[in-house]
Amino acid sequence: MQEELTDRDIDRVIEMAWEDRTPFAAIEFQFGLTEAEVIKLMKRELKLNSWKRWRARVQGRATKHRSLRTTGVERFKSKAQKQITYNKISKKKY
């Protein structure tokens with residue numbers, strides 16, 4: 001990992017990794033973590049059964065991997081999402 005992530009950042013990475021329509025490229029863009037680093041983070045942070053379930057879920061999923069997506073799907077940002085500011089994707093406040 002390029003820099004230390006806060007607990008909040010780790011929670012957000014885990015949340016994005018579980019989302020079906022959020023590709024690894026979006027996580028890399030926002031947090032600087034490659035797919036391999038996300039996998040390591042998930043393995044470290046999740047319980048073993050949760051990690052196995054997540055890994056089986058995302059392996060080969062077209063929406064998680066840019067190379068498996070159909071042509072024409074170039075964005076990872078929802079139309080309902082706010083504009084990108086300060087090199088981070090703005091998200092809802094909870």
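**View A: Arg 12 and Glu 15 join their side chains in a salt bridge, with 3.4 Å from N to O.** Here a salt bridge is a side-chain nitrogen of Lys or Arg within 4 Å of a carboxyl oxygen of Asp or Glu. This is a predicted model, in which local features need pLDDT of at least 70, side-chain atom pairs count only at pLDDT 80 or more, and totals for chains, interfaces and linings use all residues. Residues are numbered from 1 along each chain as its sequence is written, and side-chain values use heavy atoms, with hydrogens and water left out. Both Arg 12 and Glu 15 belong to helix 1, three residues apart, or about one turn of the helix. Helices are DSSP runs of H or I with at least four residues, strands are runs of E with at least two, and both are numbered from the N terminus. An α-helix has 3.6 residues a turn, so residues three or four places apart point the same way.

**View B: Arg 12 also meets Glu 19 in a salt bridge, at 3.8 Å from N to O.** Glu 19 is partly exposed, with a relative accessible area of 29%. Through shared partners, salt bridges join Arg 12, Glu 15 and Glu 19 into one network. Is Arg 12 buried or exposed? Arg 12 is buried, as its relative accessible area is 14%, while Glu 15, at 33%, is partly exposed. The cut-offs are simple: buried means under 20% relative accessible area, exposed means over 50%, and partly exposed lies in between (1.4 Å probe, protein chains only).

**View C: Glu 45 forms a salt bridge with Arg 44.** Their closest N and O atoms are 3.2 Å apart. Glu 45 has a relative accessible area of 38%, so it counts as partly exposed. How many salt bridges are there? The count comes to four. Side chains of opposite charge can pair when their charged atoms come close.

**View D: Phe 24 and Trp 54 form an edge-to-face aromatic pair.** One aromatic pair is counted. In the Phe 24 and Trp 54 pair, the centres are 6.5 Å apart and the planes make an angle of 90°. The pair links distant parts of the chain, with Phe 24 in helix 2 and Trp 54 in helix 4, 30 residues apart. The rule takes rings of Phe, Tyr and Trp (its six-membered ring) and pairs them if their centres lie within 6.5 Å; planes under 30 degrees apart are stacked, over 60 edge-to-face, and the rest tilted. Phe 24 counts as buried because its relative accessibility is 5%, and Trp 54 counts as buried at 0%.

**View E: Lys 43 sits over the face of Trp 51.** The distance to the ring centre is 4.8 Å. A charge sits over a ring if NZ of Lys or CZ of Arg is within 6 Å of the ring centre and within 35 degrees of the ring normal.

**View F: Helix 4 has a buried side and an exposed side.** Ser 50, Trp 51, Trp 54, Arg 55 and Val 58 are its buried residues. They span an arc of only 130° around the axis, so they lie on the same side of helix 4; the arc is that of the directions from the helix axis to the C-beta atoms. Leu 48, Asn 49, Arg 53 and Ala 56 are exposed on the other side. The buried residues pack against helix 1 (7-18), helix 2 (24-31) and helix 3 (35-45). Just after helix 4 comes Gly 60, with a positive phi of about 80°.

**View G: Arg 57 of helix 4 (residues 48-58) touches Trp 18 and Asp 20, leaving aside its neighbours within four places in sequence.** Contact means heavy atoms within 4.5 Å. Arg 57 and Asp 20 are 37 residues apart in sequence, yet their C-alpha atoms are 8.8 Å apart in space. Arg 57 counts as partly exposed because its relative accessibility is 34%.

**View H: The largest nonpolar core has 19 residues.** Such a core is a set of buried Ala, Val, Leu, Ile, Met, Phe, Trp, Tyr and Cys residues joined through side-chain atoms within 4.5 Å. Which residues touch the most other members? They are Ile 27, Phe 31, Leu 33, Val 38, Leu 41, Met 42 and Trp 54. Helices 1, 2, 3 and 4 each supply at least two residues of this core, and helix 1 gives the most, with five.
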